[in-house]
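Me: Can you walk me through this one? I've got the model open and would like to talk it over.

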Amino acid sequence: MNTRFVAVVCFAALAACQKETPSNPVKKDEAPRASVAVPAPAAVAEAPTLLPGPPAAPPTDSLALPHDPSEPVNHLNRSRELAEAGDRSGALVEARRALFDDPKDPEVLATIAQLAERLGKKEIAVLALERVARLDEEDATPLERMARLLLSLKRYDEALKAGREAIVRDPVDPDAYQVTGRALLARGELTPAIQMFEQVTELSANHGHAWNNLGYACLLANEDQAAVDALTRAAELLPGVAYVQNNLGIALERTGRLDEAMRAFTVATELSPKYVKAKLNLQRLEQLASTGEMPDQQELDDGSADASPGIKSTLP
């Protein structure tokens, strides 16, 4: 028999056996493995549908007064008519209704500020002037008016901020320096206040109130001769103002010019017979003349409604 033929036949038979035998036969005592199912990807939860809520309420305008916009009324014209008739409260209400129709009307805002200031509603006036100032970023006047109102409300930090911004807007406006100086004075910052008042007198040599404020600040800083000079000028420019004469009297008293001081206090009491501070100062000097003794309290007056209390005399 052909040896080569036998080898080929055996090789073919062996290959056939390998095809029929499983590659991983199960052992006799072993249970077949359970097939492991591949988990399906988790379903993505859908976001819940949100129901639409009510629309957000518009911001409340603290100046405007809501009204029925369908009313065929020109509220600004009605405000003017009421103001001419002497009804300023009603005029202010109508002006604030006009602002509801047009929140950025500068004429309406100016009307509200003017009426509120005359009625003594200072907070409303401040809000209106602040908006006027924002509408015209070159005009210093609304800021000056606002600063004066803030001073009267004793909101000195805000007054100082408004005054300084007014100076930036108009560096040659004496009133901007004047109101800024008053704010500094109210905060007790004497040196910068004096500098502000000096700037006013340089820009406007006939500004009598600035000369008085300068003299008043110099008295607080114990610069007595400078106070005499400033207050003498103030008295020349404001001869009918009693508190200027009173402050001049104190400056003269501090520099030893007692006869002139007594005359200044006398003029102050003649100009304003109910002016208590000038009367007290006059009585002090009269007591000195008659007894040689004098109380140590001088009644200095800054000329505002919230005048400073008396200050201690520096005389021996």
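What follows is a chat about this predicted model, from the whole chain down to single residues.

Me: How much of it is buried?

Reply: Of its 316 residues, 36% count as buried. The accessible surface of the chain is about 19,300 Å², and carbon and sulfur atoms hold 55% of that.

Me: And what share of the contacts is between residues 24 or more positions apart?

Reply: Those make up 51%, taken over contacts with a separation of 6 or more.

Me: OK, core next. How many residues are in the largest nonpolar core?

Reply: That core has 73 residues. The ones with the most contacts inside it are Leu63, Leu99, Ile112, Met146, Leu214 and Val244. As a general point, nonpolar side chains tend to be buried together in soluble globular proteins.

Me: Let's take Leu99. Where is it, and what does it touch?

Reply: Leu99 is in helix α3, residues 88-101. Beyond residues up to four places away in sequence, Leu99 touches Asp61, Leu63, Ala64, Val108, Leu109, Ile112 and Arg131.

Me: Is Leu99 buried or exposed?

Reply: Leu99 counts as buried because its relative accessible area is 0%, and the cut-off for buried is under 20%. Pro66 is 33 residues from Leu99 along the chain, with 8.9 Å between their C-alpha atoms.

Me: Switching to helix packing. At what angle do α10 and α12 cross?

Reply: Roughly 35 degrees, with the axes coming within 10 Å. Here α12 is residues 242-254, and α10 is 208-220. The crossing is left-handed.

Me: Which residues make the contact?

Reply: From α10 they are His209, Asn212, Tyr216 and Leu219. On the α12 side they are Tyr243, Val244, Asn247, Ile250, Ala251 and Arg254. Sorted by class, the contact has six nonpolar, three polar and one charged residues.

Me: Tyr216, is it buried or exposed?

Reply: Tyr216 of α10 is buried, with a relative accessible area of 2%. The C-alpha atoms of Tyr216 and Leu248 are 8.9 Å apart, for residues 32 apart in sequence.

Me: What about Ala251 on the other helix, buried or exposed?

Reply: Ala251, in helix α12, counts as buried at 0% relative accessibility. Leaving out residues up to four places away in sequence, Ala251 touches Leu219, Asp224, Ala227, Val228 and Leu231.

Me: Which helix is Ala227 in, and what does it contact?

Reply: Ala227 is in α11, and it too is buried, at 0% relative accessible area. Apart from neighbours within four places in sequence, Ala227 is in contact with Gly215, Cys218, Leu219 and Ala251. From Ala227 to Thr255 it's 9.8 Å, C-alpha to C-alpha, at 28 residues apart in sequence.

Me: Last topic, backbone. What is phi at Lys154?

Reply: Phi there is positive, about 65 degrees, although Lys154 is not a glycine. Lys154 lies in the loop between α6 (141-152) and α7 (156-169). Lys154 counts as exposed because its relative accessibility is 52%, with exposed meaning over 50%.

Me: And what's phi at Asn222?

Reply: Near 60 degrees, again a positive value in a residue other than glycine. Asn222 is in the loop between α10 and α11, the latter being residues 224-237.

Terms used:
Residues are numbered from 1 along each chain as its sequence is written. This is a predicted model: local features need pLDDT of at least 70, side-chain atom pairs count only at pLDDT 80 or more; totals for chains, interfaces and linings use all residues. Side-chain values use heavy atoms; hydrogens and water are left out. Buried means under 20% relative accessible area, exposed over 50%, partly exposed in between (1.4 Å probe, protein chains only). Contact means heavy atoms within 4.5 Å. Accessible areas come from the Shrake-Rupley method with a 1.4 Å probe; for residues, only the protein chains shown count as cover. Helices (H or I, at least four residues) and strands (E, at least two) are DSSP runs, numbered from the N terminus. Axes are lines fitted to C-alpha atoms, for helices over the stretch in contact, and angles run from 0 to 180 degrees between N-to-C directions. A crossing is left-handed if the near helix is turned anticlockwise from the far one by less than a right angle, and right-handed if clockwise. Ala, Val, Leu, Ile, Met, Phe, Trp, Tyr, Cys and Pro count as nonpolar, Asp, Glu, Lys and Arg as charged, and the others, Gly among them, as polar. A nonpolar core is a set of buried Ala, Val, Leu, Ile, Met, Phe, Trp, Tyr and Cys residues joined through side-chain atoms within 4.5 Å.
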